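Here are some friendly notes to read alongside the model.

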Amino acid sequence: MLKSIAVLTSGGDSPGMNAATRAVVRTALFEGVEVWGVYNGYRGLLDEDMFKMESRDVADIIQRGGTFLGTARCKRFMTEEGRQIAFENMKKRGIEGLCVIGGDGSLRGAQKFSKETGIPIVGLPGTIDNDVWGSDYTIGCDTAANTIIDALNKLRDTASSHSRIAVVEVMGRHCGWLAMQAGIAGGAEAILIPEVEYNLDDVCDGLIKSYNAGRRYSLVVVAEGVGSGIEIGNYIAEKTNMETRVSVLGHIQRGGAPSVRDRLKASQLGERAALALINGQSDVVFGFYQGRVAAIDLTDAVTKKKEFDQEYIKLSKLLL
Ligand code: ADP
Ligand code: F6P
């Protein structure tokens, strides 16, 4: 059993990271294990920016978006030399294991770190993108999808008042999950995602057809992974000859108080991660599979590509 562990958040922040950190810390302390909080992701390991945590350090954070530990994208950790320094800094403090909460890049870094140094590492998928293999869920994706829905509802009001096409670019990096969820739940007329081939002329024809059939406005959701929403919006405006406005939702999708679902799931995952790490497990990511907490091999999580759920693709076509 380990006696001292550390926790960090890395890469793009996501709502629920705080809930996950809180669960890791409180579970470890409950088990009588020392916990170090590392500021600003891997950078904090390199800069020795970490502190021994007490239970009250994670009080009043479950309701907050972002990550109170801070996060960063750290180039130095991409090198073996950098990772070795990070390891020495942990060893110096008697830290025997690490919990990494972050997206696929952070987990890839974690996998290298553990392989090279032998330090036990447990990962939690923390990203709004929901793109980590083996898990149906990543911490923050639910809040982000709800933020998009809120924006779509508002855009629908103004688009319908003006009889316009509203094109909305949403985040997700290379993954269309956010666009698909929000597009279906927001009643969009077209959803463009990188996982499904599309023909923009056909999309425009569809919009014209529905306008001719009496529809006065349309919502088009574009995942950032397919390209620029602005360019796509310009093309649609020209081709359909209809008034079109583009909104790029941007980083607003990353913030905000986490949803109930994100708080609960992040708490469950944090508890499991801490227990696993303390009990000597390593190279595992905890996520959800078919509604239950699932242990995923870390190498699989960072090397395999998540398949897009075909049911959603079918549904989106059916409901347009
Ligand atoms: P995310 O975790 O949100 O996908 P990034 O891809 O930017 O975000 O990764 C966050 C950090 O994780 C990087 O800045 C770097 O420190 C570390 N990292 C990412 N990929 C690797 C890699 N291949 N090797 C080592 N470290 C990595
Ligand atoms: O991975 C989360 C994410 O928000 C992606 O959806 C987006 O492509 C990227 O991060 C934006 O990164 P940055 O915070 O560096 O602008």
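Which residues surround ligand 2? Ligand 2 has around it Arg73, Thr127, Ile128, Asp129, Met171, Gly172, Arg173, Glu224, His251 and Arg254, where a residue is near a molecule or strand if one of its heavy atoms lies within 4 Å of it.

1. A word on the basis of these notes. This is a predicted model, in which local features need pLDDT of at least 70 and side-chain atom pairs count only at pLDDT 80 or more, while totals for chains, interfaces and linings use all residues. Residues are numbered from 1 along each chain as its sequence is written, chains are lettered from A and ligands numbered from 1 in the order in which they are written, and side-chain values use heavy atoms, with hydrogens and water left out.

2. Polar contacts of ligand 2. A polar contact here is a pair of N or O atoms within 3.5 Å; within protein, one must be able to donate a hydrogen and the other to accept it, and residues adjacent in sequence count only if both atoms are side-chain atoms. Arg73 places a polar side-chain atom 2.6 Å from an oxygen atom of ligand 2, and a polar side-chain atom of Glu224 also lies 2.6 Å from an oxygen atom of this ligand. For His251, an N or O atom of the side chain is 2.8 Å from an oxygen atom of ligand 2. On its own, ligand 2 has 400 Å² of accessible area, and the protein covers 75% of it (Shrake-Rupley method with a 1.4 Å probe; for residues, only the protein chains shown count as cover).

3. Where ligand 2 sits. Ligand 2 is in the largest pocket. The pocket search runs on a 1 Å grid over the protein atoms alone, and a pocket is an open set of points with protein on both sides within 12 Å along at least five of seven lines. A molecule sits in a pocket if more than half of its atoms lie within 2 Å of its grid points.

4. Ligand 1. The largest pocket is where ligand 1 sits. Around ligand 1 there are 16 residues, the closest being Arg73, Cys74, Gly103, Gly105 and Ser106. Helix 4 (residues 104–117) gives the most to this shell, with 6 residues; helices (H or I, at least four residues) and strands (E, at least two) are DSSP runs, numbered from the N terminus.

5. Polar contacts of ligand 1. The side chain of Arg73 has an N or O atom 2.6 Å from an oxygen atom of ligand 1. A polar backbone atom of Gly103 is 3.1 Å from an oxygen atom of ligand 1, and a side-chain N or O atom of Asp104 is 3.1 Å from an oxygen atom of ligand 1. Of the 560 Å² of accessible area that ligand 1 has on its own, the protein covers 88%.

6. Thr127 belongs to the loop between strand 5 (121–125) and helix 5 (141–162). Why does Thr127 count as buried? Its relative accessible area is 8%, and buried means under 20%, exposed over 50%, and partly exposed in between (1.4 Å probe, protein chains only). The side chain of Thr127 reaches the backbone nitrogen of Asp129 at 3.0 Å. Beyond four places in sequence, Thr127 touches Ser14, Gly103, Val132, Thr138, Ile139, Gly140 and Cys141, with contact meaning heavy atoms within 4.5 Å.

7. Met50. This residue lies in strand 3 (residues 50–52) and counts as buried at 11% relative accessibility. Met50 and Gly37 are 13 residues apart along the chain, and their C-alpha atoms are separated by 5.5 Å. Leaving aside neighbours within four places in sequence, the contacts of Met50 include Trp36, Gly37, Val38, Asn89 and Ile95.

8. Arg216. The loop between helix 7 (200–212) and strand 8 (218–223) holds Arg216, which is partly exposed at 41% relative accessibility. Its side chain makes a polar contact of 3.2 Å with the side chain of Tyr211.

9. Two backbone angles to look at. Asn40 is not a glycine, yet has a positive phi of about 55°; Asn40 is in the loop between strand 2 (34–38) and helix 2 (42–46). Ser163, likewise a residue other than glycine, has a positive phi near 55° and is found in the loop between helix 5 and strand 6 (165–170). Ser163 is partly exposed, at 30% relative accessibility.

Technical notes:
On a 1 Å grid over the protein atoms alone, a cavity is a set of points where a 1.4 Å probe fits but cannot get out, and a pocket is an open set with protein on both sides within 12 Å along at least five of seven lines; lining residues have an atom within 4 Å of a point.
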